[in-house]
Structure formats: C-alpha cells, structure tokens
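Student: I would like to learn how to read aromatic contacts and strand pairing in a model. Please take me through one case.

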Amino acid sequence: MRILGALLICILCGLYSWNARAQQIQCFPYDRFIERLQSIGEQMNDAGVDGMGNLVQLFTSEAGAWTFFVRIERNGTVFACPLAGGEGWEHHKPKRGTES
C-alpha cells in the first residue's frame, strides 16, 4: 500500500501543472466516461484530491485493466480527463499493522 501511495504521490507531483496543459488532454463528459468504464468491468478503486481541488480517480477491473483520470469542472460541466491506463493492475491488501 505504501508503494501505491508513493507512486500516486509521484504521479500527482508530475501533474502539478496539468491544468495549464488541460487543453492538450482529451476530456469526455464525466457520466458517459464512467458508464463506459463500468461497461468494460472497471470500478472505482481509489480516489483523492489533487493540490488544485480536483478529484483524481483510479478505476480497475478484476481482469487487471486500469484507468487513471482527473475529474474537472468547466463552466458548470463535469469532465473526466484520462491521464493513463493499461493492463496488468494488481490489487494488494495492506498487511495488518502497516496501514498508514
């Protein structure tokens, strides 16, 4: 769990200026994006808030597919902006006494 946490922190640090680059990232209507992920078996696994107040979410499937994206609001419309995705995600349960 600590490795996952450290990985997410590194990713989030790299995304610090992502809003400035948001026009380079393709975004989709949030509700339709979530429906699409759920239709291929992905469900929310983890979520957190970045330094700019945006919700960052990780969706994964039992088969190992994963999608990492940020939820943003522009002019009253909510979008999902995928940042990374792939295959081979492994779920790890924290060992007792090591939760942080």
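This is a predicted model: local features need pLDDT of at least 70, side-chain atom pairs count only at pLDDT 80 or more; totals for chains, interfaces and linings use all residues.

Student: Is Phe33 buried or exposed?

Tutor: Phe33 is buried, because its relative accessible area is 12%, under the 20% limit. Phe28, at 30%, counts as partly exposed.

Student: What kind of pair do Phe33 and Phe69 form?

Tutor: Phe33 and Phe69 are edge-to-face, with 5.1 Å between centres and 70° between planes. Phe33 belongs to helix H2 (residues 30-39) and Phe69 to strand S4 (residues 66-74), so the pair ties together parts 36 residues apart in sequence. Both Phe33 and Phe69 are buried.

Student: Which residues do the ring pairs link into a cluster?

Tutor: The cluster consists of Phe28, Tyr30, Phe33, Phe59 and Phe69. Tyr30 also has Arg71 over its face, 5.2 Å from the ring centre.

Student: Where does Phe59 stand?

Tutor: Phe59 is in S3, opposite Met44. Strand S2 (residues 43-49) and strand S3 (residues 55-60) run antiparallel and are joined by six bridges.

Student: What lies between the two strands of the hairpin?

Tutor: Five residues separate S2 and S3 in the hairpin, where Gly53 takes a positive phi near 85°.

Conventions
Residues are numbered from 1 along each chain as its sequence is written. Side-chain values use heavy atoms; hydrogens and water are left out. Buried means under 20% relative accessible area, exposed over 50%, partly exposed in between (1.4 Å probe, protein chains only). Rings of Phe, Tyr and Trp (its six-membered ring) pair if their centres lie within 6.5 Å; planes under 30 degrees apart count as stacked, over 60 as edge-to-face and the rest as tilted. Helices (H or I, at least four residues) and strands (E, at least two) are DSSP runs, numbered from the N terminus. A charge sits over a ring if NZ of Lys or CZ of Arg is within 6 Å of the ring centre and within 35 degrees of the ring normal. Two strands pair if DSSP finds at least two bridges between them.
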